[in-house]
Amino acid sequence: MNTKLFSSLALRDVVLKNRIVASPMWQYAGQAFKPTDWHLMNLGRLADGGAGLVYQEGTTVERRGCGTLGDIGIWSDDDVEAYSRIVRLIESCGSVPGIQLIHAGRKARQRPPQQGRGALERTSDITDWEAWDVIAPSAIAQAEGFPVPREMTLADIQQVIEAFTAAARRADRAGYRVVQLHAAHGYLLHEFLSPVSNRRTDAYGGSFENRARMLLDVVGGVRSVLPQGKPLVVRLSCIDGQSGGWTLEDTFALVRLLYAHGVDLIDCSSGGIDGSPLTKGLAASYGYQAGLSEAVRRETGVPTTAVGLIVHAHQAESVLQEEKADLVALARELIYNPNWPMDAARKLGDEKSFDVMQRREAFWLERRAITVPDLVPSTFDDPFAPAEVGSSSSAKR
Ligand SMILES: Cc1cc2nc3c(=O)[nH]c(=O)nc-3n(C[C@H](O)[C@H](O)[C@H](O)COP(=O)(O)O)c2cc1C
């Protein structure tokens, strides 16, 4: 069976072997802002699992842009070799390496989520606290109990644009083939877009055009250093879900501008401007943000990625078949099962499903399937599960 999930997609000169994206996921495992063996293992297993495009977590463009402890950054030329190693590993698994670039803005200096959300307390371990300046378009805290950021001067704005541009240049040198800018979830670039967080009265605030200027300047800088053949992606919160906040109509207008400035694809997420992980008005259920992706794709004609609780193979396939997106991105489901792509291929009846993985692995799985044809792999429905809840039979043995 020919599935859309396992069809290729060309973005500029980059060809993705399938439509499955490993969404960026912070690991909080950096040491001195550098990636560690953990990053190598984690991104390697996602690539080996068969996703066509594997994004490295939100990688900060300057010290002030770190959200929390363990963040990694690409703000020095000395960092390039460590990232090249990750790139080489992802490519050796047949996947395309992507990097997400981020500045945390007013969401800087927060506790890692596993320690409960909130402002980070100053400890002696953090030796450069003064350099970890919390900056934002306006001096408005994200929520009560969070630091009030310093309003950025025009010089700060210029520095951040240059930091994104320099980071993209290093990312290109390290070998990443797709660059994504994080302009969602309440981080700095989103803070400029949203009237909730941007109350500036200069050229970077006020009207829609002024609030969009920061992101467009960053896109201009990044595009100028990225080779023509490499795609540029922007992740947006398509709606704030707040009265007086960023709307879907704003997104349509912005996406048209981004496309005209050389952005190739929009990753359609939502929410986060107040720090909440939930978007008001969008109940978190299967594929809850796919409707946003569908609307952006339909209204603007720009390719999109759908993300958010895409969990099952047929669900992912329907998102693509129903033209709601060009790519599907998974995060938590790939933590559960990094080999999800192969599992999905089998469930969708793809005859060459084992080929989703590398030959050295596929060989053994094919052999097992031939030798024991009635064996059901463990990620399929569990044949040992009780027949039905409340039934007295415990297992179908
Ligand atoms: C552990 C973890 C880390 C994440 N880190 C990032 C990140 O670095 N950048 C980003 O844009 N989103 C990040 N996200 C959000 C995911 O990319 C994704 O948008 C979200 O989890 C919804 O997809 P899911 O339902 O498939 O998990 C993270 C999510 C998780 C679970």
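How are α1 and α2 oriented to each other, roughly parallel or roughly perpendicular? The structure examined here is a predicted model. In this model, helix α1 spans residues 37-48 and helix α2 spans residues 80-92. Their axes lie 9 Å apart and form an angle of about 25°. Angles under 35 degrees count as roughly parallel, and α1 and α2 are therefore roughly parallel to each other. The crossing in which α1 passes α2 is right-handed. On the α1 side, the contact is made by His39, Leu40, Leu43, Gly44 and Ala47; on the α2 side, Arg85, Ile86, Leu89 and Ile90 take part. Sorted by class, the contact of α1 with α2 comprises 6 nonpolar, 2 polar and 1 charged residues.

Helix α2 also packs against helix α3, which covers residues 154-174. The axes of α2 and α3 come within 8 Å and cross at roughly 50°. With this angle, α2 is oblique to α3. The crossing of these two helices, α2 and α3, is right-handed. Val80, Tyr83, Ser84 and Val87 of α2 meet Arg170, Arg173 and Ala174 of α3. In this contact of α2 with α3, 4 residues are nonpolar, 1 is polar and 2 are charged.

A further helix pair is formed by α6 (residues 248-260) and α7 (residues 290-300). The axes of α6 and α7 are 10 Å apart, and the packing angle is about 55°. This angle makes α6 oblique to α7. The crossing of α6 and α7 is right-handed. From α6, the residues involved are Leu248, Thr251, Phe252, Val255, Arg256 and Tyr259; they meet Leu292, Ala295, Val296, Glu299 and Thr300 of α7. By class, the α6 and α7 contact has 7 nonpolar, 2 polar and 2 charged residues.

A total of 18 residues lie around the ligand. Of these, Ser23, Met25, Gly58, Ala331 and Arg332 come nearest. Strand β4 (53-60) supplies at least two residues of the shell around the ligand, and helix α9 (332-336) likewise supplies at least two. The shell around the ligand consists of 8 nonpolar, 6 polar and 4 charged residues.

The mean pLDDT of the chain is 94, and 97% of its residues reach 70 or more. Over residues 390-397, the pLDDT is below 50.

Conventions: Residues are numbered from 1 along each chain as its sequence is written. This is a predicted model: local features need pLDDT of at least 70, side-chain atom pairs count only at pLDDT 80 or more; totals for chains, interfaces and linings use all residues. pLDDT is the predictor's confidence in each residue, from 0 to 100. Two residues are in contact if their C-beta atoms, placed from the backbone, lie within 7 Å. A residue is near a molecule or strand if its C-beta atom, placed from the backbone, lies within 6 Å of it. Helices (H or I, at least four residues) and strands (E, at least two) are DSSP runs, numbered from the N terminus. Ala, Val, Leu, Ile, Met, Phe, Trp, Tyr, Cys and Pro count as nonpolar, Asp, Glu, Lys and Arg as charged, and the others, Gly among them, as polar. Axes are lines fitted to C-alpha atoms, for helices over the stretch in contact, and angles run from 0 to 180 degrees between N-to-C directions. Angles under 35 degrees count as roughly parallel, over 145 as roughly antiparallel, 65 to 115 as roughly perpendicular and the rest as oblique. A crossing is left-handed if the near helix is turned anticlockwise from the far one by less than a right angle, and right-handed if clockwise.
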